[in-house]
Amino acid sequence: MKIRYVHLNLLLLLLPILNLFLFPTSSLAQDYGEDAEKKDTPPPGLARCNGVYMSYSSGGREKLYPRTNNVTAQAWSFKATAMIVNTGTEEVKGWEMFVGYRHREIIVSATGAVSSDGDFPFDASNGTTFIGSPNTDLKTSIDTAGDLTQFSTNIEITGTVFGGRGTATPLPRTIKLVNDGWECPAANSKGGTMQVCCKRNPKFKAKEKKKTKFMRRRHGDLNIIYDVLQAYTSNYMAQVTIDNDSPLGRLDHWNLTWEWMRGEFIHSLRGAYSAEKDPSECLHSKAGQFYADLDFSQVATCQKKPIIKDLPAERKEDKLIGKLPFCCKNGTLLPAHMDSSKSKAIFQLQVYKVPPDQNRTAFFPPQHWKIDGIVNPQYKCGSPIRVDATGFPDPSGLQATTYAIASWQIVCNITKPKPKAARCCVSYSAFYNDSAIPCNTCACGCGDIDTDTCNANARQLLLPPDSLLVPFENRTLKAKVWAKRKHMAFPKKLPCPDNCGISLNWHVNSDYADGWSARVTLFNWGANAVEDWFAAVDLGKAGLGYENVYSFNGTRVPPKNQTIFFQGVRGMNYLIGIKNGSNPARDPQVPGKMQSVISFKKHLGSLNIPGGDGFPKKVFFNGEECELPKHFPKKSSGERLTCIRFLFLILLVVTTFLVMNGRF
């Protein structure tokens with residue numbers, strides 16, 4: 001028994017040596033790491049791509065509330081991963097990846113990138129373009145010794161999608177690189193992944209561009225630059241510059257807001273002021289603890305989301321808060337071709353920081369920028385993008401350039417108003433039809449209207465043209481009489497009003513062989529007057545024949561020259577508000593009104609003016625796109641019948657003449 005125990009112990013001691021001789025491959029493999037955990041195999045498309053490889057992989061999705069039996073209306077949450085990899089030999093500066101969403105997607109968040117459509121969440125129904133942040137450029141694998149973090153980016157996307165069956169998230173229509181000089185074939189889809197390899201177009205000749213350290217500056221309707229001018233340990237001086245670069249963009253009494261993300265607050269302002277001052281917001285925050293001896297009652301604003309307003313003109317020379325170029329215009333931003341001195345706004349702010357950002361190089365621009373005005377277009381602003389520092393003329397007067405310490409750009413673009421959410425509307429009339437088509441029902445919303453007393457979805461009734469001159473509440477009797485005279489149905493529940501403060505009437509005035517004319521009338525139904533107004537009418541191909549506008553200043557808008565821009569002449573650029581009639585107890589209120597005739601040539605070929613060519617494709621007032629009627633006046637059957645009778649009369653005369661002369 002003892003001998004067997006010794007033999008057993010000896011056998012156990014020899015097992016490792018026997019294992020080395022019997023299984024040499026396994027032992028050597030451990031020494032050389034061949035049995036280590038294998039790395040993920042790259043997609044086949046990535047290995048074959050010599051350019052920029054992009055992929056989009058959809059994850060699962062979950063049904064959201066409210067639950068509905070309508071498949072197309074059911075909302076689902078989804079997750080997806082987009083990847084962009086530079087597999088070529090050329091660095092890609094400022095990469096931009098377009099994802100062609102098509103299922104009413106709402107993007108809630110995305111890591112590793114920002115969107116050109118602005119802050120999250122946003123509607124991506126028509127696709128969106130992702131821009132690298134913080135990794136704006138894609139270096140090459142060669143220059144980085146294969147460091148994936150420098151030549152690739154993963155974007156983790158979370159959002160909401162509507163419709164579809166099952167738990168699989170539908171793929172987008174396409175993905176592509178939209179940088180200049182790159183071409184992408186149709187993306188390949190397999191399973192839940194879409195991939196494409198984009199390559200340089202060898203025939204593309206890029207314009208000579210100055211090399212930049214950060215993202216190139218982009219062009220938008222409204223461009224905002226956030227420059228850091230002076231830097232200290234606990235605070236810095238910044239300057240905000242707003243440029244209106246749209247020929248049809250405008251802001252009146254602008255309000256600018258953003259959100260501080262790291263506890264900052266504005267200590268002082270020059271060239272602008274804060275709408276609200278509440279020192280308690282600082283006292284009960286981290287700033288109140290850190291700046292224990294600071295008198296917060298003198299601080300410009302402690303709000304996390306401050307509302308900044310432009311100073312009135314009378315404060316322009318104020319030594320404390322004025323004395324800045326392009327400031328103090330009471331919030332007016334006009335197109336440059338209308339008045340270049342009013343197309344830019346500037347203000348400065350002293351920003352105080354809190355720990356852990358107590359050093360001279362810690363700058364974090366505010367996020368979630370928004371700007372709006374009164375009866376102006378709606379702007380959607382993107383996230384701040386770091387750009388090369390702005391250069392300024394040296395304050396000493398010498399021919400030198402002084403640069404900002406750091407600069408960020410925020411691009412804001414005009415958005416098309418949603419249905420029933422405009423701020424102005426258009427009515428139609430024509431010389432060949434005695435009925436006018438008024439503004440659409442609830443064109444500017446019906447949020448404050450009791451829809452139990454009117455129909456918010458009904459089509460507006462045809463009206464006699466003179467009824468457009470009175471407020472909506474005074475049109476009922478006229479509409480009833482007109483419906484009876486024209487043998488039209490008159491509903492018990494009438495359509496709701498348009499609720500617009502500004503309306504325009506487009507009246508086709510004449511139509512002849514080589515030209516035609518229209519009359520445009522502007523109505524101000526609000527109490528406040530509109531100063532320095534302008535309007536623009538896009539007429540498509542008919543706009544190319546523009547000849548003259550007689551009571552306004554008018555010009556065509558390049559490059560298409562199909563849009564007519566007009567404004568009041570000097571002394572007539574003030575559209576007054578609504579006022580009481582001569583006898584308020586009996587007469588309806590009278591809106592502010594201005595009108596002019598516009599003449600056109602037909603040298604471009606045949607135009608069907610009554611068929612639609614004589615009516616606008618788009619109308620803008622002070623930059624805001626107005627809602628158009630869904631129909632335009634038709635030539636009445638009575639006129640067609642008159643023409644037939646006239647032709648019959650001519651035929652009868654000719655026949656009589658022939659009979660009298662014995663030709664039959």
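## Leu504 and its contacts

In this predicted model, Leu504 touches Cys425, Val426, Ser427, Val520, Thr521, Leu522, Ala535, Val619, Phe621 and Cys626, leaving aside residues up to four places away in sequence.

Leu504 belongs to the largest nonpolar core, a set of 36 residues. Leu504, Trp506, Trp516, Leu522, Trp533, Phe566 and Phe621 touch the most other members. Eight strands are named here as each giving at least two residues to this core: E26 (424–430), E28 (502–512), E29 (515–524), E31 (534–538), E32 (546–549), E34 (563–568), E36 (592–601) and E37 (618–621).

A second core is separate and has 33 residues. Among them are Leu222, Ile224, Ala300 and Ile371.

## A five-stranded open sheet

An open sheet of 5 strands runs in the order E33-E34-E31-E37-E38, with antiparallel pairing. Strand E33 (552–557) and strand E38 (624–625) form the edges, each pairing on one side only.

E37 and E38 pair in the antiparallel sense over 2 bridges. Here Phe621 stands opposite Glu624 in E38. Phe621 is also one of the contacts of Leu504.

## Glu264, a buried charge

Glu264 sits in the loop between strand E15 (255–259) and strand E16 (265–270). Glu264 is buried but has no salt bridge. What is the nearest side chain of opposite charge? That is Arg262, 5.4 Å away. A salt bridge needs the charged atoms within 4 Å.

The backbone of Arg262 does approach: its nitrogen lies 3.1 Å from a polar atom of the Glu264 side chain. Glu264 also touches Val351, Tyr352, Lys353 and Phe364, not counting residues up to four places away in sequence.

Notes
Residues numbered from 1 in each chain as written. Predicted model: local features only at pLDDT ≥ 70, side-chain atom pairs only at ≥ 80, totals over all residues. Heavy atoms only, no water. Core = buried A, V, L, I, M, F, W, Y, C linked by side-chain atoms within 4.5 Å. Buried < 20%, exposed > 50% of the residue type's maximum accessible area, 1.4 Å probe, protein only. Helix = DSSP H or I, 4+ residues; strand = E, 2+ residues; numbered from the N terminus. Contact = heavy atoms within 4.5 Å. Pairing = 2+ DSSP bridges. Lys, Arg positive; Asp, Glu negative; His and termini not counted. Polar contact = N/O pair within 3.5 Å; in protein donor to acceptor, adjacent residues only side chain to side chain.
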